[in-house]
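Q: Please take a close look at one part of this model. I would like to see how its pieces sit against each other.

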Amino acid sequence: MNRPSRLKMAAIHAGLTLLCMATLYPVLWVVKMALSPTDGLALTANPFPETVTLEHFRQVLSGTDAAGRWVFGRQLLASIVVAGATTLVGLTLAVSAAYALSRFRFPGKDGGMQALLVTQMFPATLMMVPIYSILQKLHLLDSLTGLVLVYATTALPFCIWNLKGYFDTLPRELEEAAVMDGASTFQVFVRVVLPLARPALAVTALFSFMTAWNEFILAATLLNDPSRFTLPVALQRFVGEHKVEWGKFAAGALIVSAPVMALFFALQKHLVGGLTAGGVKG
Amino acid sequence: MSRWLGLALLATALSAHAAPETEKPLKLWHAYRGGEEAALVQATKLFTSKSGVQVELLALPYDAYAAKLTNAIPHGVGPDVFIFNHERLRNFHAMHLVAPASGLAREDYFPNAVEALEVDGQVYGYPMSLKSLALYVNTKLVPQPPETTDALLAMLPALSDADAGRFGLAYESGDFYFHAGFLFGFGGELFDAHGRASFDTQGMARSLAFVKDLQDQRFIPQEASGALVKSLFNDGRAAMIISGPWFAGEIAPNVNYRVVGLPVVSATNIPIRPFLGVETAYVSARSERAEQAQALARFISLGEASRMRAMVGRQIPADVAAYTLREVQEDTLISSFREAARHATPMPNTLEMARVWEPMKLALRAVLQGGTAPQDAGALADRRYRALHRERPPDASPLPWLGLVGAMALGGSVWVLRRPAATLPFKQRYPDVAQAVAYITPAAAGVAVLVFVPFAVGLSLSLFHHEAGEYSFVGLANFVDILASRGYSITEPLSFYFTLAVTLLWAVVNVVLHVSIGLFLALLLKDPLLKLRGVYRVLLIIPWAVPNYITALMWKGMFHRQFGAINGLLVALDLEPVSWFTRFSTAFAANVATNTWLGFPFMMVVALGALQSIPQELYEAAEVDGASKWTQFRRITLPLLRPAMLPAVILGSVWTFNMFNIIYLVSGGEPGGGTDILVSEAYRWAFQRNEQYGFAAAYSVLIFVVLLIWSAFTKRLMRSSSEVMG
């Protein structure tokens, strides 16, 4: 392919810069709200704060509970534990199931894949009542384990679809060669298939992580201990019955979103190759 | 978790009585913040020091609070005492969540506060504090507060200058909670003698006409939100505002103000009578230590606790004795609100009351923002009210259904059993079935228990009618009601077909925008020679990383009538600011803008991946043949992208179809439910219209059916596209 002209390059850069600005504009407003000293508002198109204070961040980060304990730290820890465990459990379950769906023949395979997709079509709002009862039967209410299981399983349909799509694109010859060399199916799976599927694993892990990291209704409903609340629950506390503490909400929103953005940044190379959405790859 | 399990095992082994009961603290749940929370903490500490009983407080987000209570208490894992507004009492009562207040002495509290907590002659809960509206007056601008509406009307012209952004009066005029006082002041009644709501009344028309006139003369701001009212008052640009006790904490220190009762309506000689809300300490019906729980609830509603709540929490105690304290007497805010509460109308705790909000909001906004005449608004509200009020359908017999399920199971198993006989033996057809089972069982078990079972429960719920905690089997009655669009012509927002059309439009517009923007950006970004490619890519992915309820709230703020950045941009460009949520087209556009921002990065990433998989040689060959760039795009890129993009498009359309957060948080269905999609409509039936779970489930099943049809259709598309691929 020949090198595009300078003019064209300049036009592309200008276009992309404009679009990036449009994308970032709303985010800058959140930053402005978080950094402005009051919740006072004025009609303006300027997304940069006039006076800057870190007070809202300080208040969110130093949040303590009634007993004076530093709950923010505990909630951050709870969030990391829940999101991390969800990723681990979700990925482990999804990887093995997706591999079986991609490589083995067994009855109910196609039906199972369809059924997974179908569950995505039923609105989640009505699932809460039965999920609550089931967790109580399993003695998993008010436990992070229960929360992790719910998150991991609700993320599973997407994870399995994405991974299966990726596994389908991996050439079988490599696995057959490994079998010839005397490797067991499990060894082939762990040593050959998984390393090849790294991009898809990264994307799937990111997806499970986000599911758990951002959710608050289930977390607030299932957990009874404020020091084990996840961060979005703490964030939602700034939205009251009569008023919203916008400054703190914005600061909290940035704190909650930061780790996910960092992950996106770290994984962005894999993101492009690893997202198949069950697709066919060339 | 293991600790919990260990405890549970221990408890069963030693029998329930073994653990000393006094050791476990009483559980108290609330959604207070700031001063109110601090006061409650102080009060419970005092309770502990006096009674020796420990109390464990749990502060919850208001948005998740009611759902948590209704889930936890019936399962026996709820609090012993919880604090909630009295408005929901009838729901709590119907679901058997609350116990009668056995230790309550009526004379301790204001009579209208106790009345608010009565159900069938029993009092439930201990009234803690009163919430009603009053008039905040900027004393510099208004030395003498108006006592009648005539006096108010005489003052307003001098205090208002809408062009300069100054208003004589400001309040959230589009919210029925704020309008109710006017309705009662003009002699209107909300309920007839049978307890049924009636909207088409004289008082309704007159009160609406009065407020409409205030707005037309530009004495009050249009579409005022809480944020606007606060900002106007703090800047001295609103001389008077109507709000509740919670507003006092928001006033800037340099504003001198006082609080007085709302004026008397001159035409009727009745004071503007706002709703009275009663914050109540309820004892859970499932508390195992009812006596201590009653003592705690009573304690925090009276005596020293009242003083703390008044002085620290800035609440208006419902406790009569509190007003004999000097401190409280001298506190003008508390005593003024106490005066204002005298004239307030206790908000009925009936189920009928819960059905009034939506019709009233509709009528109010139709008059203030639309062109509806005040005398016609009552009929509009009445119509919506009747559509929301569904009579319980007749019970149906579940027997034919059980028979049908049995027959299907039988038929299915016969079919499965007969099939393999025609082909190879099972072992040969599925040589590695044992391994497959091993790999798939953990995931299958998890999905079966936590996804499929709730899913099946949800499906079957659609055959039931739910009212006040009781389910009755009604067969297909819910579906018949929805599909027959009962009580509504199909062009009205509450009709299933209207909502379906909006939903389809919503899904199509969004997916088209997501895919075209995503693809466009991917085409720009795919060039490996492009400098700063990684930077652009990271910046453009950011919307995907932001949790979508934050996105929704952020954009809702951007579309704010008075402070939104979008209107700021319009004004900067010398254009008229737009009131986004008063018309269908602009409200829908606001939703679409939000969802497009949120959704294009996913499609961009998928398209980038798909573009990379197209062999470069094809383009080179086309170049040699002299094909133009456009021809290359049409003949190579598009056809080769299709198979990779289609699954993403299907998934994206399913997600968009059920994108509840955006609709609910950005437009909230405004105007008049017009922009609601099926899933937000289902949510309203389940959680805002007296918990009609069965009806909501029927909506969900229909959503599900529509998506099934859609996926079958796209599957065909996919098949034909893979045929194109050869």
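A: Chain B is split into four stretches: domain 1 (21-130 + 277-346), domain 2 (134-273 + 350-388), domain 3 (399-480) and domain 4 (504-694). Those bounds come from an automatic or database domain assignment. This is a predicted model: local features need pLDDT of at least 70, side-chain atom pairs count only at pLDDT 80 or more, and totals for chains, interfaces and linings use all residues. Residues are numbered from 1 along each chain as its sequence is written, while chains are lettered from A and ligands numbered from 1 in the order in which they are written.

Start inside chain B. The C-alpha centres of domain 1 of chain B and domain 2 of chain B lie 29 Å apart. Two residues are in contact if their C-beta atoms, placed from the backbone, lie within 7 Å. Helices are DSSP runs (H or I, at least four residues), as are strands (E, at least two), numbered from the N terminus.

Now turn to the partner chain. In all, 103 residues of chain B are in contact with 95 residues of chain A. Helix α18 (residues 433-461) of chain B gives the most to the chain B side, with 18 residues. That side has 79 nonpolar, 18 polar and six charged residues.

Next comes the core. The largest nonpolar core has 297 residues, and A:Ala94, A:Ile160 and B:Ala170 touch the most other members. Such a core is a set of buried Ala, Val, Leu, Ile, Met, Phe, Trp, Tyr and Cys residues joined through C-beta atoms within 7 Å. A residue is buried if 20 or more other C-beta atoms lie within 10 Å of its own, exposed if 12 or fewer, and partly exposed in between, with C-beta atoms placed from the backbone. Helix α6 (residues 144-169) of chain A supplies the largest share of this core, 16 residues.

Zoom in on B:Ala170. Leaving aside neighbours within four places in sequence, its contacts include B:Ile220, B:Pro221, B:Phe233 and B:Ile241.

Note on methods:
Ala, Val, Leu, Ile, Met, Phe, Trp, Tyr, Cys and Pro count as nonpolar, Asp, Glu, Lys and Arg as charged, and the others, Gly among them, as polar.
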